[in-house]
Amino acid sequence: VPPVLATTAPEAVVRLHGQSPQWMDGSKEEKYHYRYSEIELHRWARRIRQLASTTDRTYVVLNNCYGDDAQANAAELRRLLQR
């Protein structure tokens, strides 16, 4: 299912959990082991900016929480959004 970003309230939440091929059958670690590429984060930054332009506040949660994937992706996404 492609992502659908739609404003339904003054505040929005975007939750990114990765796209692990192990999502349906893998262990907990395998399900969340996914690091977004810079290209993917560029695409998300564009979508998040568009969504944020229609809300009072927009939150982004990275739930690809294996190792330091979420922290590394959050830092990169923040850098992209600050441009």
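Biologist: Where does Leu77 stand, buried or exposed?
Modeller: The model is predicted: local features need pLDDT of at least 70, side-chain atom pairs count only at pLDDT 80 or more, and totals for chains, interfaces and linings use all residues. Residues are numbered from 1 along each chain as its sequence is written, and side-chain values use heavy atoms, with hydrogens and water left out. Leu77 is found in helix H3. Buried means under 20% relative accessible area, exposed over 50% and partly exposed in between (1.4 Å probe, protein chains only), so at 3% Leu77 counts as buried.

Biologist: How far apart are the C-alpha atoms of Leu77 and Glu30?
Modeller: Along the chain, Leu77 and Glu30 are 47 residues apart.

Biologist: In what order do the elements of the protein run?
Modeller: The protein has 3 helices and 2 strands. These are DSSP runs numbered from the N terminus (helices H or I, at least four residues; strands E, at least two). Read from the N terminus on, the order is β-α-α-β-α.

Biologist: What share of the protein counts as buried?
Modeller: The C-alpha trace spans about 35 × 25 × 15 Å along its principal axes. The chain has 83 residues, and the share that counts as buried is 30%.

Biologist: Why is the pair of Tyr34 and Tyr36 edge-to-face?
Modeller: The structure holds 1 aromatic pair. Rings of Phe, Tyr and Trp (its six-membered ring) pair if their centres lie within 6.5 Å; planes under 30 degrees apart count as stacked, over 60 as edge-to-face and the rest as tilted. The ring centres of Tyr34 and Tyr36 are 5.1 Å apart, and the pair is edge-to-face because the planes stand at 85°.

Biologist: Which class do Tyr34 and Tyr36 fall in, buried or exposed?
Modeller: Tyr34 has 17% relative accessibility, so Tyr34 counts as buried. Tyr36 has 6%, so Tyr36 also counts as buried.

Biologist: What is the C-alpha to C-alpha distance between Gly18 and Tyr36?
Modeller: Gly18 sits in the loop between E1 and helix H1 (28-32). At 7% relative accessibility, Gly18 counts as buried. In sequence, Gly18 and Tyr36 are 18 residues apart; C-alpha to C-alpha, the distance is 6.9 Å.

Biologist: Which residue lies over the face of Trp44?
Modeller: A charge sits over a ring if NZ of Lys or CZ of Arg is within 6 Å of the ring centre and within 35 degrees of the ring normal. At 4.6 Å from the ring centre of Trp44, the residue over the face is Arg47.

Biologist: Which element gives the most to the lining of the largest pocket?
Modeller: On a 1 Å grid over the protein atoms alone, a pocket is an open set of points where a 1.4 Å probe fits, with protein on both sides within 12 Å along at least five of seven lines; lining residues have an atom within 4 Å of a point. Of its 22 lining residues, the closest to the centre are Pro3, Val14, Arg15, Leu16 and Trp44. E1 (11-16) and H2 (38-52) each supply at least two lining residues, and the most, 6 residues, comes from E1.

Biologist: How many residues of that lining are nonpolar?
Modeller: Asp, Glu, Lys and Arg count as charged, Ala, Val, Leu, Ile, Met, Phe, Trp, Tyr, Cys and Pro as nonpolar, and the others, Gly among them, as polar. The lining has 2 charged and 6 polar residues, and its nonpolar residues number 14.

Biologist: Where does Pro3 stand by accessibility?
Modeller: Pro3 is found in the segment before E1. Its relative accessibility is 44%, so Pro3 counts as partly exposed.
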